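Take a moment with the sequence and the model below.

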Amino acid sequence: MKKTIFIVVFIVIFIIPVTYYTLKTQALTESLSRVNPSSEENSKSNDNKDKAPDISSQVSSPEKKSPAKPELLPYNGPIENIFFHPLIAYPKLAFDGDYLSKGYDDWFVTVNEFKRILEALYKNNYILIDTKSIFEEKIVDGKKVLVKKTLMLPPGKKPLIISVDDLNYYDYMIKNGNVFRLILDENGNVATYSVSPEGEVVISHDNEIIPILDNFVKEHEDFSLHGAKGIIGLTGYQGILGYRTNEADSISYERQKSEALQVVKRLKETGWEFASHSYGHPDVRKISLEKLKRDTLKWKMEVEPLIGPTPVYIYPYGSSLSSKDPKFKFLLESGFKVFYGVGPKPYENFESKFVEMDRRHIDGIAMKTQDKMLSPLFDVREVIDSVRPVSSTQNLPFFTGSPKTGPYILLNLSGPVQYQRKELRINSPLRVLYKIISIR
């Protein structure tokens, strides 16, 4: 009798609770493992969690681990620095045979060319960096100086700075194949607004450098270091980004200013930087100091309040100044520390108060006359667009030279010529073999 009572008590105290606990645990596990549980099932699962709070650790799925970022290594080689003008979105308007067609053929690239160039740069292991990656300000002996930073990159990657000049959308641009302005789409991302040759309003993310590069980096995150995109060089004499912020007396001024500020804010949030390209696009080497002062003051009064202070000054026409020139010293005193000229290969000069760099111009002239020099970046034959005028590929200059001495180009020269950051003047037409320093 006592044995029977003991067995019954054992079953009641131990076997039944363990069995009940096991069944409830199985029910909870099945409930949590369903792909899309209904609200009623979720409620039951929550009830079961209240009754068995220690079970959650047994049924939770393992956490997803984000891919490990590659180790960054010091980079000591050259920094490639290239620039574009706004893209040709409508070749039919750019190459319509009018007096501006040659200029578009010389100084611009098409949408297809830019996309092909991006693919080539990525394939050749370039990675976008920003100006903050190459220098920093420090206090040394009580003085503020610029110090070159050790550039840290993923293994095998080569640094690249991209800039876009004249992204103002001047009046002539919107009539000859460029888009009209940058806007924000319904999701707050940068897009473009334009009217097609057929008269249709076009909102696009696929016909200008900014949204194209934004999307490319989104798809190829290893093409950008810390989210860097590029530098936008702005003048001011016809506003910025397609907004006529220079027309303070216009009834639409406040609206255009407000919309421009929204676009600027989003560009900064997504990795874009800004630079001064002067106010009126003068050749700063040729103008007087007083004219440069007026031009810079106007830029600081109209453009800087919209984009904020910037240390970067992009010389119009690539016409750089000597560091001993009083005009250069004035630009330094105005807050500019990074000066971009134009040249056919990387050039860097780091001083305690300023940085000088040259940029390659990527355009029709470069692709038609500097194909070998561009080969580290991309193959011109795989990039150049068939929509360009046929005449642009005829009667090209003759090249000669060797890796030690060339390349040279046979030209008929007259007037001012840029040579090794200096200007030469040829008073009479001269047919010469000219070693390429800068086409612009």
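In which sense do β8 and strand β9 pair, and over how many bridges? The model is a predicted one. In it, β8 and β9 (residues 190-195) run antiparallel, with 4 bridges between them. Leu-182 faces Thr-192 of β9 across this pairing.

These strands belong to an open sheet of 3 strands. The order is β8-β9-β10, and the pairing is antiparallel. β8 (181-184) and β10 (201-204) form the edges. Each has a single partner strand, so one side of each lacks a neighbour in the sheet. From one strand to the next, the twist averages 35°.

Now look at what crosses the sheet. Helix α9 (residues 253-269) lies across β8 and β9. The helix α9 runs at about 75° to β8.

Next comes the nonpolar interior. In soluble globular proteins, nonpolar side chains tend to be buried together. Here the largest nonpolar core holds 69 residues. Leu-241, Leu-267 and Phe-378 have the most contacts inside this core. Beyond its neighbours within four places in sequence, Leu-267 contacts Leu-182, Val-190, Ile-210, Ile-232, Leu-241, Trp-272 and Phe-274. Another core, of 19 residues, lies apart from the largest one. Its members include Ile-134, Val-312, Ile-314 and Val-355.

Finally, turn to Arg-359. Arg-359 sits in strand β16 (residues 355-361). Is Arg-359 buried or exposed? Its relative accessibility is 1%, so Arg-359 counts as buried. The side chains of Arg-359 and Asp-165 make a polar contact of 2.9 Å. Leaving out residues up to four places away in sequence, Arg-359 also touches others, among them Asn-81, Phe-83, Ser-163, Ile-314 and Tyr-340.

Conventions:
Residues are numbered from 1 along each chain as its sequence is written. This is a predicted model: local features need pLDDT of at least 70, side-chain atom pairs count only at pLDDT 80 or more; totals for chains, interfaces and linings use all residues. Side-chain values use heavy atoms; hydrogens and water are left out. Two strands pair if DSSP finds at least two bridges between them. Helices (H or I, at least four residues) and strands (E, at least two) are DSSP runs, numbered from the N terminus. Axes are lines fitted to C-alpha atoms, for helices over the stretch in contact, and angles run from 0 to 180 degrees between N-to-C directions. Contact means heavy atoms within 4.5 Å. A nonpolar core is a set of buried Ala, Val, Leu, Ile, Met, Phe, Trp, Tyr and Cys residues joined through side-chain atoms within 4.5 Å. Buried means under 20% relative accessible area, exposed over 50%, partly exposed in between (1.4 Å probe, protein chains only). A polar contact is a pair of N or O atoms within 3.5 Å; within protein, one must be able to donate a hydrogen and the other to accept it, and residues adjacent in sequence count only if both atoms are side-chain atoms.
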